[in-house]
Amino acid sequence: MSGHEKRYSEMSEYELKNEIGKLKEKARKAEQLGIVNEFAVLERKITMAQSYLLNPDEYKPEEVYEIEGAPGEYFKIHYMNGIFAWGFRLSDPSKEDALPIAMLMKTDKQ
């Protein structure tokens with residue numbers, strides 16, 4: 001990362017949306033070329049950038065969310081730290097995990 005690049009946390013909403021568009025285009029190309037590891041890295045970057053477009057205050061401890069991209073997998077928040085929700089997957093309550101909030105989808109499951 002060169003010295004002049006902004007972090008997602010320093011970008012405006014416009015810059016974030018622009019960055020997400022560029023990342024999605026790169027991810028589409030990587031997927032077409034079958035470059036699986038690059039595709040996965042780009043998908044993670046997209047999720048991180050999308051998380052900065054969301055309001056962490058809307059994610060509450062003790063609430064349960066479905067995990068994006070993992071149907072039937074649920075995550076219970078213990079506490080928030082910036083754009084990361086710390087907690088555990090209901091399928092493995094003994095293991096603490098941190099997920100960027102863009103991976104959490106509202107659900108009626110409590």
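**Entry 1. Ground rules**

I am working from a predicted model, where local features need pLDDT of at least 70, side-chain atom pairs count only at pLDDT 80 or more, and totals for chains, interfaces and linings use all residues. I number residues from 1 along each chain as its sequence is written, and side-chain values use heavy atoms, with hydrogens and water left out.

**Entry 2. Overall layout**

I listed the elements and found two helices and five strands. Helices (H or I, at least four residues) and strands (E, at least two) are DSSP runs, numbered from the N terminus. From the N terminus on, I read the order as α-α-β-β-β-β-β. I noted that the C-alpha trace spans about 40 × 30 × 25 Å along its principal axes.

I then looked up burial, where buried means under 20% relative accessible area, exposed over 50%, and partly exposed in between (1.4 Å probe, protein chains only). Of the 110 residues in the protein, 29% are buried. I also looked up contacts, meaning heavy atoms within 4.5 Å. Among contacts with a separation of 6 or more, 40% come from residues 24 or more positions apart.

**Entry 3. Strand pairing**

I count two strands as paired if DSSP finds at least two bridges between them. E1 (residues 64-67) pairs with E2 (residues 74-81) in the antiparallel sense over three bridges. Besides the pair I began with, I found Glu66 opposite Tyr74 in E2. The hairpin of E1 and E2 has six residues between the strands, and Gly69 there takes a positive phi near 80°.

E1 also runs antiparallel to E5 (residues 104-106), and three bridges join them. On that side I found Ile67 opposite Leu104 in E5.

Next I followed E2 to E3 (residues 84-89), an antiparallel pair joined by six bridges. Asn81 has Phe84 in E3 as its bridge partner. The hairpin of E2 and E3 has two residues between the strands, and Gly82 takes a positive phi near 65°.

E3 and E4 (residues 92-100) are likewise antiparallel, with six bridges. A hairpin of two residues joins E3 to E4, and I noted Phe88 opposite Glu96 in E4.

**Entry 4. Nonpolar cores**

Which residues make up the largest nonpolar core? By a nonpolar core I mean a set of buried Ala, Val, Leu, Ile, Met, Phe, Trp, Tyr and Cys residues joined through side-chain atoms within 4.5 Å. I found eleven residues in the largest one: Tyr59, Tyr65, Ile67, Ala70, Phe75, Ile77, Ile83, Ala85, Leu99, Ile101 and Leu104. The elements that give two or more residues to this core are E1 and E2. Apart from it lies another core of ten residues, including Ile20, Ala27, Ala30 and Ala49.

I then took Ala85 and left aside its neighbours within four places in sequence. Ala85 is in contact with Phe75, Ile77, Tyr79, Met80, Asp97, Ala98, Leu99, Ile101 and Leu104.

Is His78 buried or partly exposed? His78 counts as partly exposed because its relative accessibility is 39%. I placed His78 in strand E2. Leaving aside neighbours within four places in sequence, I found His78 in contact with Pro61, Trp86, Gly87 and Phe88. His78 and Pro61 are 17 residues apart along the chain, and their C-alpha atoms are separated by 4.9 Å.

I found Glu62 in the loop between H2 and E1. Glu62 has a phi near 80°, a positive value in a residue other than glycine. Its relative accessible area is 48%, so Glu62 is partly exposed.

**Entry 5. The second largest pocket**

Rolling a probe the size of a water molecule over the atoms shows where empty space is left. On a 1 Å grid over the protein atoms alone, a pocket is an open set of points where a 1.4 Å probe fits, with protein on both sides within 12 Å along at least five of seven lines; lining residues have an atom within 4 Å of a point. Grid points are joined across faces, edges and corners, and a volume is the space filled by probe spheres set on the points.

I noted about 230 Å³ of space in the second largest pocket. Its lining consists of Lys24, Glu43, Ile46, Thr47, Gln50, Glu68, Gly69, Ala70, Ala102 and Met103. Helix H2 (residues 36-51) gives the most to this lining, with four residues. I sorted the lining into four nonpolar, three polar and three charged residues. Ala, Val, Leu, Ile, Met, Phe, Trp, Tyr, Cys and Pro count as nonpolar, Asp, Glu, Lys and Arg as charged, and the others, Gly among them, as polar.
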